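Me: I want to check some structural labels against their cut-offs. Take me through them one at a time.

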Amino acid sequence: MGKTMSEKILARAARKSQVSAGDIVWVDIDRAMMDDILGPRIKIAEGMSEICDRVWDPEKVVVIADHYTPPANENQAEIVKFTRDWAKAHHIRQYFEFEGPCHQIMAETGNVLPGMVVLGTDSHTCMGGAMGALASGVGSTEMLGILLTGQTWLRVPETIRIRWTGVLKDGVTAKDMSLYTIGTIGHGGATYKAVEYTGETIAGLSMDERMCITNMAVEMGAKAGLMEADQATLGFLQEHHINADESRFYKSDPDADFCRTLDFDAASLEPLVACPHAVDNVHPVVECTGEPIHQAYLGSCTGGRYSDLVMALRILKGRTIHKGTRLLVSPASREIWKRADQEGILNGLAQAGAVILAPTCGVCVGLHSGLLAAKESCISSSNRNFMGRMGSSQANIFLGSPMTVAASALAGHIADPREYI
């Protein structure tokens with residue numbers, strides 16, 4: 001019997017010839033990532049500061065202050081300062097601040113590479129699966145053990161295979177593919193499983209689009225979302241001057257054992273929206289048109305990449321957003337911000353009425369830079385629409401593609417982007 005990608009990656013990390021789904025294995029960690037919200041300060045709060053007085057390998061630890069940056073109040077500023085000071089005291093060379101959401105920074109800096117095992121204190125660490133890595137979120141206490149030893153135990157997950165065939169129609173995006181998958185499987189339908197995305201449609205997507213899909217694997221409960229590394233992956237790495245070991249470009253064997261296989265047709269897909277208050281509450285945008293929108297958000301580690309900004313500008317160029325709607329734009333990294341600025345994309349969005357923000361997680365998680373008041377509604381290109389996620393528990397959050405977000409900002413209500421192309 002052949003092996004899946006996750007089985008091959010974990011076998012290497014466990015220093016075994018092979019492992020199978022269901023096995024419990026101790027694995028070596030290639031990268032351990034902590035952010036400011038669930039990183040060093042949690043260990044201090046738990047009284048573990050004396051235990052964690054050393055790090056097994058500072059070169060394999062990455063600390064990123066992204067949720068509380070830029071700080072909105074004194075408490076947030078103290079948290080960022082503590083994170084910064086902890087990283088310096090523990091000789092963490094790879095400390096990043098004000099650079100953008102952690103998952104994008106991990107990819108841009110070569111800290112997620114094909115074949116790696118990457119664990120981070122953020123559930124959307126699974127985005128790294130777009131690079132062909134097994135990437136997953138862990139709790140802060142589990143991270144303490146990793147910091148001390150460089151190892152942890154994992155159960156080798158079963159794998160659900162998602163095969164996408166066909167070509168997306170104009171106005172339909174990778175975000176719609178992601179929402180369709182989540183709506184089909186359900187919010188808990190892939191709990192502790194690896195979800196492997198395959199097929200000609202996936203192979204034809206850019207890395208930006210692939211990251212959007214794997215980022216949201218956890219919204220089905222998945223341990224990891226995985227895609228094969230290929231020429232597109234190499235192109236992304238070369239663009240960022242990163243070298244990779246092609247011997248670790250793992251692929252599932254043709255006779256690998258998948259616990260479930262689902263086949264989806266990209267050509268029949270239409271723009272979708274996840275309605276409050278669950279990511280799997282997915283409906284065609286045509287069923288939601290007319291729903292009033294007070295805020296539209298383009299950003300986060302899911303929907304703030306370069307191609308997302310380009311898609312939005314395609315809808316917004318030469319137009320002005322609805323008077324009663326505010327459009328917030330937060331590029332997914334400083335690098336993306338600079339490129340979009342140099343190419344006039346940010347100016348084009350601003351001309352349409354957008355407010356350009358720093359690269360940050362603040363809006364997505366409801367910490368700063370654009371919270372919602374009671375009875376307000378937002379359509380967002382981010383990854384979660386839980387009650388109270390972006391401010392008031394009486395607010396509503398809808399999720400859509402960057403094109404749907406842009407079209408809705410123009411209309412003042414949820415709108416079909418195909419009407420604005």
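Reply: Start with the elements: helices (H or I, at least four residues) and strands (E, at least two) are DSSP runs, numbered from the N terminus. D85 and K81 both lie in helix 3 (residues 74-89), four residues apart, about one turn of the helix. This is a predicted model: local features need pLDDT of at least 70, side-chain atom pairs count only at pLDDT 80 or more, and totals for chains, interfaces and linings use all residues. Residues are numbered from 1 along each chain as its sequence is written, and side-chain values use heavy atoms, with hydrogens and water left out.

Me: What makes D85 and K81 a salt bridge?

Reply: A salt bridge is a side-chain nitrogen of Lys or Arg within 4 Å of a carboxyl oxygen of Asp or Glu. The N to O distance for D85 and K81 is 2.8 Å, so the pair meets the definition.

Me: Why is D85 called partly exposed?

Reply: Buried means under 20% relative accessible area, exposed over 50%, and partly exposed in between (1.4 Å probe, protein chains only). D85 has 35%, so it is partly exposed. K81, at 41%, is partly exposed too.

Me: How do you know that E97 is buried or exposed?

Reply: Its relative accessible area is 18%, so E97 is buried. E97 forms a salt bridge with R84, with the closest N and O atoms 2.9 Å apart. This pair links distant parts of the chain: E97 is in strand 4 (residues 94-97) and R84 in helix 3, 13 residues apart. R84 is partly exposed at 33%.

Me: What is the nearest side chain of opposite charge to K175?

Reply: D176, 8.0 Å away. Lys and Arg count as positive, Asp and Glu as negative; His and the chain ends are not counted. K175 is buried yet has no salt bridge. K175 is found in helix 6.

Me: Why is helix 11 described as largely enclosed?

Reply: Nine of its eleven residues (306-316) are buried, so helix 11 is largely enclosed by the rest of the structure. Among the buried ones are Y306, L309 and L316. Just after helix 11, G318 takes a positive phi of about 80°.

Me: What makes a set of residues a nonpolar core?

Reply: The members are buried Ala, Val, Leu, Ile, Met, Phe, Trp, Tyr and Cys residues, joined through side-chain atoms within 4.5 Å. The largest such core has 42 residues; I162, W164 and M177 are among those with the most contacts inside it. Helix 6 gives the most to this core, with five residues.
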